[in-house]
Amino acid sequence: LHSIQNNGIVNFLRLFEVNEDDNSAQSLREKRSASTQATTTKKTKQSECQKKASPPIDIELGAGNGDWIVRQAQSNPHRNFIAVELRADRVARTFCNMVFAAASSSSTIDNLCCVGAESRSFLRDRVKNGTISRIFVNHPEPPTQTMGSHDDIIAAIAASGKGNDADNSHEEPAHMLASNTLEEAIACLEEQTGRIIIVTDNRWYGRLICATFAKVANKQRDQNVTTKTKHTCVVRADKLSTKDGFQLVDSVGEFGLYEGTPSVLFQDGHRP
């Protein structure tokens, strides 16, 4: 036990310290001390280099069969990608698509990781806060319940998240992008520069997502006032702006729903 260091690594030099006289033991301790210092210095320098050279990380939630994210990984070798999908068969297809895409182009794809997990738990338990550059959600599955399509329900969701209602989510239909998932996603994003990019062709679901973002923003503002804490990344509707090729077609609370071609705005994220 005395040979196990604080980090759980076995100190093999000490394991073999047997039948030594005082001089040899002292010499061995001095050598071990010098070796430890040299190793620590080397690891520190390597850590600094890795930190400087670390490429940005993008995540796709609900990656499906991985068609989109495999293309992104091939087209952007300077970035790292994580495909998150709940269904095991789709995770396997994503992995197969990655292998076949690499083989067909006589190259390797070493910047894509396939993960089988539920989105919220993965973001909460496996991703460090403030480390993700972009989170993509491409054509997420709308909730099977029709309650989310009613204007009064959408308005109620957009107005919730304040005060005693901050943890109340009973009025939300069940879907991947519920407010508790969005909160975890926002916390994972890089401060100031992190982005969540959601693309859907379902108009009412787009309005529901806007309402859910409004709820998260309400909750964040309320927490900032009561606890004086600073979030790693916060929802800021005032940072949204109309871009060439996009037009505002609807709004829920302070959040607008824009219509257009994603590749026009996110040229490095949504290529045809």
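These legends accompany close-up views of a predicted model.

**Figure 1. Overview of the predicted protein.** The chain has 272 residues, and 36% of them count as buried. Nine helices and seven strands make up its secondary structure. The accessible surface comes to about 16,200 Å². Carbon and sulfur atoms account for 51% of that surface.

**Figure 2. The largest nonpolar core.** This core has 33 residues. I59, L61, F122, L123, V127, I132 and I135 have the most contacts inside it. At least two residues each come from the strands β1 (57-61), β2 (80-85), β4 (134-138) and β7 (255-259). The helices α5 (119-126), α6 (151-159), α7 (179-188) and α8 (203-227) also supply at least two residues each. Helix α8 gives the largest share, nine residues. Apart from this core lies another, of 15 residues, including A63, W68, I69 and V199. In soluble globular proteins, nonpolar side chains tend to be buried together.

**Figure 3. Surroundings of L61.** L61 is among the residues with the most contacts inside the largest core. Neighbours within four places in sequence are left aside here. Beyond them, L61 is in contact with V84, S119, L123, I135, F136, V137 and M176.

**Figure 4. D58, a buried acidic residue in a strand.** D58 is found in strand β1. Its relative accessible area is 0%, so D58 is buried. The side chain of D58 makes a polar contact with the side chain of R79, at 2.8 Å. Not counting residues up to four places away in sequence, D58 touches R79, N80, F81, I82, S133, R134 and F136.

**Figure 5. Helix α7 within the structure.** Seven of the ten residues of α7 are buried, so the helix is largely enclosed by the rest of the structure. The buried residues are S179, T181, L182, E184, A185, I186 and C188.

**Figure 6. The loop between β4 and α6.** H139 and P140 are both placed in this loop. P140 is buried, with a relative accessible area of 8%. H139 is partly exposed, at 48%. H139 has a positive phi of about 50° although it is not a glycine. Most residues other than glycine have a negative phi. P140 and M176 are 36 residues apart along the chain, yet 7.6 Å separates their C-alpha atoms. Leaving aside neighbours within four places in sequence, P140 is in contact with M176, L177, I198, V199, T200 and Y205.

**Figure 7. A nonpolar surface patch that includes F95.** F95, V99 and F100 make a patch of about 320 Å². F95 sits in helix α4 (residues 88-104). Its relative accessibility is 46%, so F95 counts as partly exposed.

**Figure 8. S106, a residue with positive phi.** S106 lies in the loop between α4 and β3 (112-116). Phi of S106 is near 50°, a positive value in a residue other than glycine. At 72% relative accessibility, S106 counts as exposed.

Conventions:
Residues are numbered from 1 along each chain as its sequence is written. This is a predicted model: local features need pLDDT of at least 70, side-chain atom pairs count only at pLDDT 80 or more; totals for chains, interfaces and linings use all residues. Side-chain values use heavy atoms; hydrogens and water are left out. A nonpolar core is a set of buried Ala, Val, Leu, Ile, Met, Phe, Trp, Tyr and Cys residues joined through side-chain atoms within 4.5 Å. Buried means under 20% relative accessible area, exposed over 50%, partly exposed in between (1.4 Å probe, protein chains only). Helices (H or I, at least four residues) and strands (E, at least two) are DSSP runs, numbered from the N terminus. Contact means heavy atoms within 4.5 Å. A polar contact is a pair of N or O atoms within 3.5 Å; within protein, one must be able to donate a hydrogen and the other to accept it, and residues adjacent in sequence count only if both atoms are side-chain atoms. Accessible areas come from the Shrake-Rupley method with a 1.4 Å probe; for residues, only the protein chains shown count as cover. Patches are made of residues with over 30% relative accessible area and no salt bridge: like charges are joined within 9 Å, nonpolar side chains (Val, Leu, Ile, Met, Phe, Trp, Tyr) within 5 Å. A salt bridge is a side-chain nitrogen of Lys or Arg within 4 Å of a carboxyl oxygen of Asp or Glu.
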